[in-house]
Amino acid sequence: MRRILVPDGSELDRHPLRANPPPERIRHGNIISCSPKMRGVFELIEHVAETNATVLIEGETGTGKEEVARAIHLASAPTRSGELVAVNCAALSETLLESELFGHEKGSYTGAVGQRKGRFELADGGTIFLDEVGDIPPAMQVRLLRVLQEKRFERVGGSESIDVDVRVIAATNRDLARLVRKKRFREDLYYRLDVIRIELPPLRDRPEDIPLLADHFAAKFARPGHPSKPITPEAMDALLRHTWPGNVRELENAIERASVTARGPRLTPADLPVEIVHAPARPVSIPVDLSRPLPEVLRATVCDVEKQYIERALRKANGHVGRCARICGLSRRSISTKLAEYQIDKGRFKQS
């Protein structure tokens, strides 16, 4: 472990894994990253902000889908002056969701004591964010499709058509294409939503972001009037070993808890949740063939892993080379070269 001087002359421990100069830090709104995989996400945010196209954000729970929606909305502020209105489609029953989205007239159902504007109406001139869109019931999918096609709807119990100018951003942690194949999600609605797709990588696939985010959250949750507590190398080791099934949200919660409960001047492993400190090591199984020289085995293993990774990325990208490149954090040209090198037929991964 080395010690470094900070601008005020004091010293801080430098964690061995941070000994090299850190990658360039990039930020968009509340999203920060130094991962090459997130560069493609930031580029898409800037690109789609200039349009009115519908955006579908895919990613595991806790990856920051709502923050990406907010970044798109803020980046499009020069052309869209309205608010960002968010709806969690999985948290409401079908009846409540219909009223929440489209509003209702007085007396339209028991308890409707007055007229109420829905979220689409409130988002007029701005953006509506439909979180967990894959959980929308079939009947509501029909109404949502009509709004996307015509930009028009009626309140529940009403007959007057209401026109709105709304940018729609949807998000899901489910595989919508798979739901379509199982007849659980309308195909026509899927293609209406999937105009521009943004895929958020899980935190385990961008470990270089863990120290950056951990320090950011430590500063965010520092006690008022006090500097943030530095994270000890032992605590950072524990953070880097964890697989983060809850992604960025889980990391944020862990650092918030540590910042609140820590009694000492630094955040130590004792301040972290026990499931993070005692996370089991991830076993890595590599075939060993002692009849071949070690360099040859290493080259073959690397090539095999690389091929499997690209094939899995192609499958997720439905055979789309550009999307595959963004998932892999490589250029389109590099992916095309590797497809030829490994004789991978991208057509095999395109859905019929």
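Buried means under 20% relative accessible area, exposed over 50%, and partly exposed in between, with a 1.4 Å probe and protein chains only. This is a predicted model, where local features need pLDDT of at least 70, side-chain atom pairs count only at pLDDT 80 or more, and totals for chains, interfaces and linings use all residues. Residues are numbered from 1 along each chain as its sequence is written, and side-chain values use heavy atoms, without hydrogens and water.

**View 1. F102 is a buried residue.** Its relative accessibility is 0%, so F102 counts as buried. R143 lies over the face of this ring, 4.1 Å from the ring centre. (A charge sits over a ring if NZ of Lys or CZ of Arg is within 6 Å of the ring centre and within 35 degrees of the ring normal.)

**View 2. F102 stacks with F120.** Searching the whole structure gives four aromatic pairs. Rings of Phe, Tyr and Trp (its six-membered ring) pair if their centres lie within 6.5 Å; planes under 30 degrees apart count as stacked, over 60 as edge-to-face and the rest as tilted. F102 and F120 have ring centres 5.7 Å apart and planes at 5°, so they are stacked. F102 belongs to helix α3 (residues 94-102) and F120 to helix α4 (residues 119-122), so the pair ties together parts 18 residues apart in sequence. Helices (H or I, at least four residues) and strands (E, at least two) are DSSP runs, numbered from the N terminus. Both F102 and F120 are buried.

**View 3. F102 and F153 form a tilted pair.** The centres are 5.5 Å apart, with 45° between the planes. F102 lies in helix α3 and F153 in strand β8 (residues 152-154), so this pair ties together parts 51 residues apart in sequence. F153 has 1% relative accessibility and therefore counts as buried.

**View 4. One aromatic cluster holds F102, F120 and F153.**
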